[in-house]
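Thanks for asking me to look this one over. Here are my notes, in numbered points, to read alongside the model.

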Amino acid sequence: MVVPGSQHKLYHPPEGLQKDAHVPDFNCYLELYKKSIEEPDVFWKEVASDFYWKKPPTGQILQYNFDVTKGNIYVKCMEGATTNMCYNVLDRNVKDKNLGERVAFYWEGNSPDHREAITYGQLLGQVCRCSNTLKQMGVRKGDRVAIYLPMIPELVYTMLACTRIGAVHSIVFAGFSAESLCERIMDSQCSILVTADGVYRGEKLINLKQIADEALEKCREKASATVTRCLVVKHHSSVNLSPVVFPVVQTPWDAACDVCWEEVMGQVSEQCEPEWLDAEDPLFILYTSGSTGKPKGVLHTVAGYLLYTSLTFKYVFDHQPDDVYWCTADIGWITGHSYITYGPLANGATSVLFEGIPVHPHVGRFWEVIEKYRVTKFYTAPTAIRLLMKYGLDPVQKYDLSSLRILGTVGEPINPEAWHWYHEVIGQKRCPVVDTFWQTETVRDAECQSRMSTFPFFGVEPTILNEHGEELEGEAEGYLVFRRPWPGIMRTVYGNQERFESTYFKKFPGFYVTGDGCRRDKDGYYWIAGRIDDMINVSGHLLSTAEVEASLTDHGAVAEAAVVSRPHTVKGECLYCFVTLKDCREFNRTLVDELKRQVREKIGPIATPDFIQNAPGLPKTRSGTCYLLPDFFLFFYTFMDILSFTFLFIIFVLFNKISHPQVRS
């Protein structure tokens, strides 16, 4: 591992890990990588041979066009083959590999007292029951199913049931608002919504059913009521919490629409034949923030996603049969799709499925879980590491972390201080730290050594371009792009091929544009510099500045808004918002609270601004677009509030007349 700092320091993995690893050394990596680039058909056919195909793949494995000047953009993997994702991650393990008694998931609830071990055999039975339930509710191949559930086993049952019967799942993170849920249901035209009565996040009660009902009502108001039934899991009411400490949520119920999960699941069979699907049939839609404000429905397909998530999980985490693996992400994000559900199950892995939060009921909860289940591979976000660092060593030293072999990070660049604490305190200086860079759109691009210094994963061919689209050789800095697809790359933006092509391919024809800046050092390592578009990474969650700005300007007092990033010691980045008020409106604490609440309600708690500042006028370009302030002026605003806005604005205008003469004063 190469760790950044005043001098790059090389950290070697323990000899025991290296000796038994799937990729034991750099030469082995280079050999496999070369094969994946120069002989892709041979490479991916070998990967595909591990899985069941109703109709085996023949012919060319990958077909594609990345050049918009030569026609429509497309990617096809193993076209003509037929298979089923659910069959490959469950039936194949139970029937062909005799893993029916192996634990698939240790479910750990919000409270340490609520837990369950689910074997592969039990998981298959529950998924078949859910499949039959969905079919009874009218779901057929190609239909879209919205899932708005917390981190409970029913979430996994539902997504795998969709894949079993050929339905397309659209999972919405259970921290999103009714407006966000409504928008995603409408865009993907879902016919069924699966949700729960409520859930506790720590000590905070979230009435999911009420939020779901509000979302469906918004759909009806917008004349887009595609959802016909709502399947409701009685999760909150089943955990028997003390009503004195934890109040009971009142679940709204509409008998014409709502269906009780527990009632219908007990009435159906544990047997359900899978629907055999074409390799390029859609598997799921997952929404990611767009730089223009409207979330993009990223579409992934069956065969390519199966191959890529299974291979990346196996090699990046060096999965071994005796591992207990824990990814702390939420399945509502692509990390959870790939590295809680599909990747681990495709490898017959045992995983921890965690509903809680890192600091409830105490700040040592993560370390307690690791000790409880003897976790060997631990995958979390830098935000969580920075949060737990501030509590010091005592909460860590109470627990036995000797089972850990490999640590991983995901979602955002990890800063050196967090990396060293993670490596030295949690990994006890013996566990390699695998940092990973990837996107909802791409599943996984690279395995990073630290803070995004990386070589590409198999099948991925990156390069760096300048503003003019010219390829840069050797040491360079510019736009990170990819020359070719790999099986797990997205296929389109659901229902909007034009947006897919314009977002990822029109800027530099012939290349997939990631939206990230990058530099390559003299040793060939790629260092990811961060977003080059109007996106902010808050606690590993990518947020659109345009979407937040739109939420702010929806308030009756706000004429204009501009949103920028501000460094945050725990989140990495947070939202700093400037608002220009309409005439006669007063900027005060009440208004600030209203604006924060409005953003929470329209997008979700993760998007709540940390700072909102009154800006009597926002500087504009000639086109009328707000010209966002340079970072050092944002710093100046934050720490020099004793100066008047008028004085700072004059300084800003003078600065821009010199450095940006095209900007109006």
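1. Is strand 10 (residues 192-196) mostly covered or mostly uncovered? Strand 10 is mostly covered, with five of its five residues buried, where buried means under 20% relative accessible area with a 1.4 Å probe, protein chains only. Strands here are DSSP runs of E with at least two residues, and helices are runs of H or I with at least four, numbered from the N terminus.

2. A word on the source: this is a predicted model, in which local features need pLDDT of at least 70. Residues are numbered from 1 along each chain as its sequence is written.

3. In a regular strand the side chains alternate between the two faces of the sheet. On strand 10, I192, V194 and A196 lie on one side and L193 and T195 on the other, and all are buried.

4. Strand 10 pairs in the parallel sense with strand 8 (residues 144-148) over four bridges; pairing needs at least two DSSP bridges between two strands. I192 is the bridge partner of V145. Strand 10 also runs parallel to strand 13 (residues 229-233), joined by five bridges, and there L193 has C230 as its partner.

5. Elsewhere, three strands form an open sheet in the order 32-33-34, with mixed pairing. Strand 32 (558-568) and strand 34 (611-614) are the edges, each pairing on one side only.

6. Strands 32 and 33 (the latter residues 572-581) run antiparallel and are joined by ten bridges; E560 has T580 of strand 33 as its bridge partner. Helix 18 (residues 589-602) packs on this sheet, touching strand 32, strand 33 and strand 34, with contact meaning heavy atoms within 4.5 Å.

Technical notes. Predicted model: local features only at pLDDT ≥ 70, side-chain atom pairs only at ≥ 80, totals over all residues. Heavy atoms only, no water. Axes fitted to C-alpha atoms, helices over the stretch in contact; angles between N-to-C directions. Buried < 20%, exposed > 50% of the residue type's maximum accessible area, 1.4 Å probe, protein only.
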